[in-house]
Amino acid sequence: MSDYSDKELLTLFNDIEKRNYAFNLIVRKYQDKLYWHIRKIVIIHDDADDILQNTFIKVWKGLEGFREDSKLYTWLYRIATNESLTFLKQKKTKYFLPIVDYENQLKESLESDEYFNGDEIQCKLQKAILDLPEKQRIVFNLKYFEEMKYDDMSEILKTSVGALKASYHHAVKKIENYFKED
Amino acid sequence: MGKNNKTVEGLKGNNKNPFSVPDGYFETFPTRMQERILSENKEYAWAIKIFRYVKPQFALAIMIITFAVISITTINFILSNRTSIDNDLYTRIIEVDANEFTEQHFIDVLLEEKKPVDNHKKDESDFYIHYLLDEDIDYGTLIDEF
């Protein structure tokens with residue numbers, strides 16, 4: 001199953017008779033990575049589950065027209081990132097709350113979340129990350145937790161490598177300050 | 001650890017994923033995804049079915065509306081142009097015809113009509129004519145002045 005390369009999966013998907021099978025393989029190959037990427041942005045499991053499903057629905061609808069200008073992997077990440085950011089915006093609009101308030105709610109929910117297994121330091125780190133601006137948060141998560149290359153990140157976020165490095169640097173400084181202040 | 005290491009590098013080792021998922025989540029997700037796609041496809045197919053059913057009526061309605069809009073626009077255009085042409089035409093006719101007739105023609109026509117004479121108006125007219133004659137004022141000069 002995981003032996004298929006992205007190119008092979010796309011070729012398989014373009015064969016209408018094998019489309020469902022190919023899509024199933026794509027879901028199995030990328031569900032973990034995309035889920036954790038989304039989860040670190042929205043924190044709550046149920047929200048991450050909804051967003052992951054919406055992401056794959058968009059992939060299903062858009063994969064036929066996917067031009068292989070970019071890698072399938074970065075394209076999937078881009079959709080997942082956009083879906084997550086849209087979700088956060090909708091939350092903000094729905095409750096007429098500034099995004100900071102929603103993120104404070106997320107911080108509080110971390111401690112009572114049954115699907116958060118981190119220790120005290122990890123909980124504090126997540127809270128520090130939640131204090132960062134959305135884009136900086138994504139950059140930090142992709143670099144720190146997933147150890148993603150800046151080039152791939154640049155393709156996902158459509159931002160220059162230099163700007164991403166600067167963003168990561170600022171994020172690190174802010175998190176260090178958060179720990180120092182506490 | 002947090003108290004001693006104040007740098008993110010010092011937190012290395014804590015970059016393990018602190019989150020978890022319900023048991024069997026990733027095992028069941030592809031099946032749930034397939035079901036969701038099937039239901040999405042059904043909804044899409046349903047929408048297409050409805051569209052196919054209403055398509056002839058919809059096309060007819062669009063045709064009628066388009067025809068009505070074109071007709072109304074054309075009629076309005078013709079009517080607005082015709083009014084301006086008519087005005088121009090009337091002005092020209094009056095100018096041309098007025099030049100073709102002399103004062104005597106008008107007097108003849110009025111006499112032919114044999115209109116009953118209004119005595120009050122006749123007296124007034126006589127008064128004005130006598131005044132003009134007495135003062136030796138030319139009628140043409142008077143017309144030019146006013």
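## Helix assignment and overall architecture

Helices are DSSP runs of H or I with at least four residues, numbered from the N terminus. In this predicted model, helix α8 (residues 150–157) of chain A is followed by Lys158(A), whose phi is positive, near 50 degrees. Helix α8 of chain A is mostly covered, with 6 of its 8 residues buried. The buried residues are Tyr150(A), Asp152(A), Met153(A), Ser154(A), Ile156(A) and Leu157(A).

Chain A as a whole contains 9 helices and 0 strands. Of its 182 residues, 53% are buried. When contacts in chain A between residues at least 6 apart in sequence are considered, 60% join residues at least 24 apart. A separate example of distance in sequence and in space is the pair Lys135(A) and Leu85(A), which are 50 residues apart in sequence and 9.0 Å apart from C-alpha to C-alpha. Lys135(A) belongs to helix α7 (residues 134–145) of chain A and counts as partly exposed because its relative accessibility is 47%.

## The interface between chain A and chain B

The contact between the chains draws on 42 residues from chain A and 27 residues from chain B. Together the two chains bury about 3,400 Å², of which 61% is on carbon and sulfur atoms. Across this interface, 12 residue pairs are in polar contact, with both residues at pLDDT 80 or more. By class, the side of chain B that touches chain A comprises 13 nonpolar, 8 polar and 6 charged residues.

The count of salt bridges between chain B and chain A is 2. In one of them, Asp49(A) pairs with Arg32(B), the closest N and O atoms being 3.1 Å apart. This pair runs from helix α3 (residues 45–62) of chain A to helix α1 (residues 25–100) of chain B. Asp49(A) is classed as buried because its relative accessible area is 10%, whereas Arg32(B), at 28%, is partly exposed. Lys61(A) also forms a salt bridge, with Glu40(B), at 3.4 Å between the closest N and O atoms.

## A buried lysine without a salt bridge

Lys40(A) lies in helix α2 (residues 19–42) of chain A. This residue is buried yet has no salt bridge: the nearest side chain of opposite charge, that of Glu146(A), is 4.3 Å away, and a salt bridge requires the side-chain nitrogen to be within 4 Å of a carboxyl oxygen. Neighbours within four places in sequence aside, Lys40(A) is in contact with Asn141(A), Phe145(A) and Glu146(A), and also with Asn17(B) and Phe19(B) of the partner chain.

Over all chains the structure holds 12 salt bridges. One of them joins Asp15(A) to Lys18(A), with the closest N and O atoms 3.9 Å apart. Asp15(A) is partly exposed at 31% relative accessibility, and Lys18(A) is likewise partly exposed, with a relative accessible area of 41%.

The side chains of Glu176(A) and Lys173(A) meet in another salt bridge, at 3.8 Å from N to O. The two residues are separated by about one helical turn because they are 3 residues apart in helix α9 (residues 161–181) of chain A. Lys173(A) is partly exposed, with a relative accessible area of 41%, while Glu176(A) is buried, with a value of 10%. Elsewhere, salt bridges that share partners join Lys61(A), Arg36(B) and Glu40(B) into one network.

Notes: Residues are numbered from 1 along each chain as its sequence is written. Chains are lettered from A and ligands numbered from 1 in the order in which they are written. This is a predicted model: local features need pLDDT of at least 70, side-chain atom pairs count only at pLDDT 80 or more; totals for chains, interfaces and linings use all residues. Side-chain values use heavy atoms; hydrogens and water are left out. Buried means under 20% relative accessible area, exposed over 50%, partly exposed in between (1.4 Å probe, protein chains only). Contact means heavy atoms within 4.5 Å. Buried area is the accessible area (1.4 Å probe) that two parts lose on being put together, summed over both. A polar contact is a pair of N or O atoms within 3.5 Å; within protein, one must be able to donate a hydrogen and the other to accept it, and residues adjacent in sequence count only if both atoms are side-chain atoms. Ala, Val, Leu, Ile, Met, Phe, Trp, Tyr, Cys and Pro count as nonpolar, Asp, Glu, Lys and Arg as charged, and the others, Gly among them, as polar. Lys and Arg count as positive and Asp and Glu as negative; His and the chain ends are not counted.
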